[in-house]
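Here's a quick briefing to read alongside the model. Have the viewer open as you go through the points.

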Amino acid sequence: MNNDSGWVYTEQVKQHFLNPKNILTISEEEYKPDGVGIVGSPACGDMMMIFIKVKDERIYDMKWKTYGCASAIASTSALSEMVTKNGGMHIKEAYKITPEDIIKELGQLPSHKIHCSVLGDKALRAAIEDYFKRRNEQNPYREKTSSPIVCECFQITEEDIKMEVLEGATNFETLQERTKIGTNCGKCIPKAKEVINKFVEQYYKDKVYNPKS
Amino acid sequence: MNVYLDNNATTPIHPKAKSAIIEFLDFFGNPSSMHSDGRIVKEKLVIAKQQIADFLNASLDDIIFTSCGSESNNTILKSMLFWPKEKQNLVTTNIEHPANLETAKFLEKNGIKVSYIEVNDDGIIDLNQLEKSLTKDTGLVSIMYANNEIGTIQPIDKIAKIVKEKAPNAIFHTDAVQAAGKIKLDLKNSPFDTASISGHKLYAPKGIGILYIRDFDKKRKSFTPLIHGGHQEKGFRAGTENTIGIIALGAACEALQSEIDVEIERIKKIRDYFENKVIENIKDIIINGKNSERVPGTSNITFKYVEGESILLKLDLNGFSVSTGSACSTGSLEPSHVLMALHKKPEIAHGSIRFSFGRENRIEQVDKLIEILVKEIDILRKISPLSK
């Protein structure tokens with residue numbers, strides 16, 4: 001962090017923010033992507049679209065659009081460079097990129113920024129899924145355990161909720177206090193309540209499971 | 001140095017306050033001491049207090065020095081904890097500053113009943129809801145004078161009339177932190193009982209605040225000090241005085257006294273010029289609170305399809321300091337509660353920027369600002385998947 005420059009994040013974030021690479025500047029129709037992935041929503045404050053072109057299972061070109069803060073823009077830009085350098089990354093590897101991989105490219109990010117602004121890996125996976133879907137093929141690289149997202153704003157999955165329930169969050173209010181689930185756009189609240197009730201029913205019925213014991 | 005357009009966050013120290021501080025630095029005595037080192041400081045504090053009382057048109061007896069606006073708000077609100085059960089009913093709004101809102105939530109956890117009045121999409125409280133929320137058992141009504149984020153001024157006179165009618169026993173408190181220094185206050189002739197004011201919002205340094213209690217000597221028994229100890233502030237707020245802060249606030253008030261009429265007009269002209277230029281040059285914007293009476297320097301604008309922190313950082317890199325209601329900037333991941341209260345849509349809060357002009361700003365600075373805004377908003381919108 002260099003305070004003298006009046007900049008709050010790392011130099012890498014600044015460079016990507018000021019000179020973002022691989023933005024989609026033409027329409028999607030003109031670009032003709034082989035796969036498109038979208039994550040987030042305007043209500044969440046972050047939304048990303050990733051467009052990929054694939055040949056021989058390599059992503060030889062990737063373009064993107066991002067609505068979000070400086071680190072959201074910088075992280076998508078950094079991801080686009082990671083994916084497209086040296087003739088393009090193989091889909092198998094691209095599918096496995098994690099937020100940590102992207103953060104490494106950016107030097108570092110404040111922890112509160114990671115969940116909300118590093119969505120590029122998820123958008124890329126969505127684009128890869130779309131690529132296979134368009135070809136009517138099964139994605140051979142999909143992780144079988146990937147858990148569906150309940151709260152888009154904070155990227156909270158069913159698995160995350162299950163873990164909170166097992167750690168003693170037995171009602172929606174406690175879950176919300178711990179995870180902020182549904183505190184932004186609120187769209188997911190009914191679904192989140194349904195999911196937590198399912199796990200509470202599963203683990204706490206007849207008080208068989210006691211997290212304190 | 002940036003062009004500073006964040007005068008609602010804090011203000012630069014007034015040059016006259018600055019020289020008053022420097023001159024005063026050698027007077028280190030404790031104003032409570034009986035010897036001449038103490039007495040001379042005491043005398044200087046009396047003069048400063050008079051300057052402050054003159055500027056606010058308040059009786060000297062009714063001014064209590066605190067450390068900040070938050071302390072002043074806390075003192076009034078937390079006094080409720082010591083009131084009889086039947087009077088432990090607070091009526092406030094959902095656009096208050098956290099110094100009020102979080103304190104209200106704390107009171108709620110401690111058994112006090114709180115009603116939160118909502119605002120319309122122009123940022124003015126719902127007077128019908130206020131009327132319905134007030135009862136003869138309402139102990140305290142706490143409604144901010146001007147809002148820090150959008151600058152809207154509440155209809156204080158109308159509110160006071162409703163309070164008097166529906167809750168004649170209630171104390172009416174106002175958080176006037178964003179009003180003092182920005183518009184003219186006339187505390188003696190205002191219809192509220194107590195008010196909070198912060199020094200650093202009116203060109204004095206941080207660390208000095210005022211709690212105004214009308215007819216202090218009669219009313220003081222309604223309130224409980226937060227800090228017990230020495231006899232300072234008539235035993236209502238212990239702790240050795242922030243002598244430098246008081247001297248500086250006195251000097252700032254004296255200076256503002258002669259400037260304020262001209263400054264209100266001048267700053268309003270800059271703000272209006274800025275807003276007209278934004279309307280002329282940038283499409284898809286919302287000026288939040290525009291249809292209400294506002295303090296002259298505040299302009300809160302939502303730029304659709306882009307996110308506030310990005311705009312803030314772009315402006316910062318181009319030499320302008322502003323603030324945003326976006327969730328990203330706060331660390332809390334929650335967008336501005338004020339803009340959420342107005343519009344109910346997080347995306348409007350996420351894309352909002354607050355420009356707050358003050359006495360050091362010049363109309364010439366606006367043209368450069370507009371030029372940069374047009375350019376940077378365009379760049380960010382080209383990156384955004386939401387742009388049309």
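Predicted model: local features only at pLDDT ≥ 70, side-chain atom pairs only at ≥ 80, totals over all residues.

Side-chain values use heavy atoms, with hydrogens and water left out, residues are numbered from 1 along each chain as its sequence is written, and chains are lettered from A and ligands numbered from 1 in the order in which they are written.

**Largest pocket**

- The largest pocket comes out at about 1100 Å³. A pocket here is an open set of points on a 1 Å grid over the protein atoms alone, with protein on both sides within 12 Å along at least five of seven lines; its volume is the space filled by probe spheres set on the points, which are joined across faces, edges and corners.
- Its lining has 33 residues, and B:Glu149, B:Glu334, B:Pro335, B:Ser336 and B:His337 lie nearest the centre. Lining residues have an atom within 4 Å of a point.
- Helix H4 of chain B gives the largest share of that lining, 5 residues. Helices are DSSP runs of H or I, at least four residues; strands are runs of E, at least two.
- By class, the pocket lining has 7 nonpolar, 17 polar and 9 charged residues. Nonpolar covers Ala, Val, Leu, Ile, Met, Phe, Trp, Tyr, Cys and Pro, charged covers Asp, Glu, Lys and Arg, and the others, Gly among them, are polar.

**Cavities**

- The whole structure has 3 cavities of 30 Å³ or more, a cavity being a set of points where a 1.4 Å probe fits but cannot get out.
- The largest cavity is about 160 Å³. It is lined by 16 residues, including B:Lys182 and B:Tyr203, which are among the closest to its centre.
- That lining splits into 7 nonpolar, 5 polar and 4 charged residues.

**Cysteines**

- There are 0 disulfides over all chains; the cut-off is a pair of cysteine sulfur atoms within 2.5 Å.
- The sulfur of A:Cys151 has its closest cysteine sulfur 3.9 Å away, in A:Cys188, so that is too far for a bond.
- A:Cys185 is in no disulfide either, with the sulfur of A:Cys153 3.6 Å away.

**A sheet in chain A**

- Four antiparallel strands form an open sheet in the order S1-S2-S3-S4. Strands pair if DSSP finds at least two bridges between them.
- S2 (46-55) and S3 (58-67) of chain A are joined by 9 bridges, and A:Met48 has A:Thr66 as its bridge partner.
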